[in-house]
Amino acid sequence: MTQRSKCLQSNHKTAQITDLIRVAQRLDPPLPGEHPHRSRSNCACNPCTVDRHNTCENPHKCAVKQKHDSLSSLPS
Ligand SMILES: [Zn+2]
Ligand SMILES: [Zn+2]
């Protein structure tokens, strides 16, 4: 298991499919009034702030990995 998927499981609590969606969703355009997500480890958007609080050191990388994984697991 890579360090990133370990982080996703233990720090982002991605046990449910809804959690996986929540992790990747920050990469989508933000809702009006929300802090937009930035492609950096110290991003100030809400989910990144929560993730760093949960001892993830780079929420952006986790979100990118999660999005990539969920895209590649889609049935073609
Ligand atoms: Zn963010
Ligand atoms: Zn993480």
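A: Helix 3 (residues 46-53) packs against helix 4 (residues 59-72) at an angle of about 110 degrees, and their axes are 9 Å apart. Helices here are DSSP runs of H or I with at least four residues, numbered from the N terminus; axes are lines fitted to C-alpha atoms over the stretch in contact, and angles run from 0 to 180 degrees between N-to-C directions. Helix 3 is therefore roughly perpendicular to helix 4, a label that covers 65 to 115 degrees.

The model is predicted: local features need pLDDT of at least 70, side-chain atom pairs count only at pLDDT 80 or more, and totals for chains, interfaces and linings use all residues. Residues are numbered from 1 along each chain as its sequence is written, while chains are lettered from A and ligands numbered from 1 in the order in which they are written.

Helix 3 contributes Pro47, Cys48, Asp51 and Arg52 to the contact, and helix 4 contributes Pro59, His60 and Cys62; contact means C-beta atoms, placed from the backbone, within 7 Å. These residues divide into four nonpolar, one polar and two charged, with Cys and Pro among the nonpolar types, Asp, Glu, Lys and Arg charged, and Gly among the polar ones.

The loop between helix 3 and helix 4 holds Thr55. Phi of Thr55 is near 65 degrees, a positive value in a residue other than glycine. Most residues other than glycine have a negative phi. Thr55 counts as exposed because it has 9 C-beta neighbours inside 10 Å (exposed: 12 or fewer; buried: 20 or more; partly exposed: in between).

Methods. Helix = DSSP H or I, 4+ residues; strand = E, 2+ residues; numbered from the N terminus. Parallel < 35°, antiparallel > 145°, perpendicular 65-115°, else oblique. Contact = placed C-beta atoms within 7 Å.
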